[in-house]
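Let's take a walk through a protein together, going from the whole chain down to a few side chains. Keep the structure open while you read.

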Amino acid sequence: MRGRALSRLRDGLLSLVYPSDCQLCGDSIDSWNDGVACQSCWEDPEITLLFRSDRVCPACGALRDDSTACGRCSALPFSTARSCGAYGGALEASILFLKSEPHLCPRLKRLLEDTFLDHRDLIGGDLLVPVPLHPLRQRARGFNQAALVAKAIAKRFRLPVEERIIVRTKNTERHRAGLDTADRERSLSEAFRVAAPRLVRGLDVVLVDDLYTTGSTAKAAAGALIDAGAARVSVFTIGRVVLGQGR
């Protein structure tokens, strides 16, 4: 009885944060575990595409027909990148929600943990470093969604998180909209600075963010960490824009 009462209280409180209808299909969301999308939209692969380890490039994590190397990622400063799935469906709805509300639903937390565990040997990690927002952007938002993702992983795997090691020195978030890959990379040139190189020197660093779009942000931030002395950098995100999605 007590457990059911607590569950109803929890669902009632979270209903103040989460919408009651699925952001994708409009049906009712039956469980607070699912966040902003219903169970059906989470579990339908035609709506929410989760990545399988045998269908991504072993280095950059791009979606492929098999697990062979894509051949386009040999010059990347990071050693590997992994994401839970394609930017779309329940993952897209959850990422967009996370940009306004600092909360990860239980289903998304489990997905992050399971994906990180599945690729732990490749990702490695002595230290988790969330990709920073520019200070003006963070003050306006009130939190950094990448830090929330990093902390969820850190809690499960008992890894340290350092939010202030890397600093965003250029406010690029707004003007990158609509830019192609080359223009994005130019806009991000020298956009990151490692404030405390001694804290990353010789370490295996996992760079954490909510979304991998073209890889420009990951490359710029990873390059700064490598230049500061990190032994290795990998990238982990909730979602990844799949080539041809138009983003």
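This is a predicted model: local features need pLDDT of at least 70, side-chain atom pairs count only at pLDDT 80 or more; totals for chains, interfaces and linings use all residues.

Before we set off, here is one idea to carry along: a charge is said to sit over a ring if NZ of Lys or CZ of Arg is within 6 Å of the ring centre and within 35 degrees of the ring normal.

The protein averages a pLDDT of 87, and 83% of the residues score at least 70. Among the elements, strand S2 (residues 127-130) has the highest mean pLDDT, 98, while helix H1 (residues 2-14) has the lowest, 54. In total you can find nine helices and six strands. The protein has 247 residues, and 48% of them count as buried. Its exposed surface comes to about 12500 Å², with carbon and sulfur atoms supplying 48% of that. And if you take contacts between residues at least 6 apart in sequence, 69% of them join residues at least 24 apart.

Now for the rings. How many aromatic pairs does the structure hold? There are three. In one of them, the ring centres of Phe-116 and Phe-157 are 4.9 Å apart and the planes meet at 45°, so this pair is called tilted. Phe-116 belongs to helix H4 and Phe-157 to helix H7, so the pair ties together parts that are 41 residues apart in sequence. Both Phe-116 and Phe-157 are buried.

Phe-116 has another partner, Phe-236: here the centres are 5.3 Å apart and the planes are at 85°, so the pair is edge-to-face. With Phe-116 in helix H4 and Phe-236 in strand S6, the pair ties together parts that are 120 residues apart in sequence.

Arg-156 lies over the face of Phe-157, 4.8 Å from the ring centre. Elsewhere, Arg-240 does this with Tyr-212, lying over its face at 4.0 Å from the ring centre.

Next, have a look at helix H3 (residues 89-98). Is it mostly covered or mostly open? Mostly covered: nine of its ten residues are buried. Among the buried ones are Leu-91, Glu-92, Ile-95 and Phe-97. The cover for the buried residues of H3 includes helices H2, H4 and H7, along with strands S1, S5 and S6.

Asp-204 sits in strand S5. Its relative accessible area is 16%, and buried means under 20%, so Asp-204 counts as buried. The side chain of Asp-204 makes a polar contact with the side chain of Arg-232, at 3.1 Å. Leaving aside neighbours within four places in sequence, Asp-204 also touches others, including Ile-123, Asp-126 and Leu-127.

Then there's Arg-168, found in strand S3 (residues 166-168). At a relative accessible area of 5%, Arg-168 is buried as well. So where does the side chain of Arg-168 reach? To the backbone oxygen of Pro-132, at 2.8 Å. Arg-168 and Leu-133 are 35 residues apart in sequence, yet their C-alpha atoms are 6.2 Å apart in space.

Note on methods:
Residues are numbered from 1 along each chain as its sequence is written. Side-chain values use heavy atoms; hydrogens and water are left out. Helices (H or I, at least four residues) and strands (E, at least two) are DSSP runs, numbered from the N terminus. Buried means under 20% relative accessible area, exposed over 50%, partly exposed in between (1.4 Å probe, protein chains only). A polar contact is a pair of N or O atoms within 3.5 Å; within protein, one must be able to donate a hydrogen and the other to accept it, and residues adjacent in sequence count only if both atoms are side-chain atoms. Contact means heavy atoms within 4.5 Å. Rings of Phe, Tyr and Trp (its six-membered ring) pair if their centres lie within 6.5 Å; planes under 30 degrees apart count as stacked, over 60 as edge-to-face and the rest as tilted. pLDDT is the predictor's confidence in each residue, from 0 to 100. Accessible areas come from the Shrake-Rupley method with a 1.4 Å probe; for residues, only the protein chains shown count as cover.
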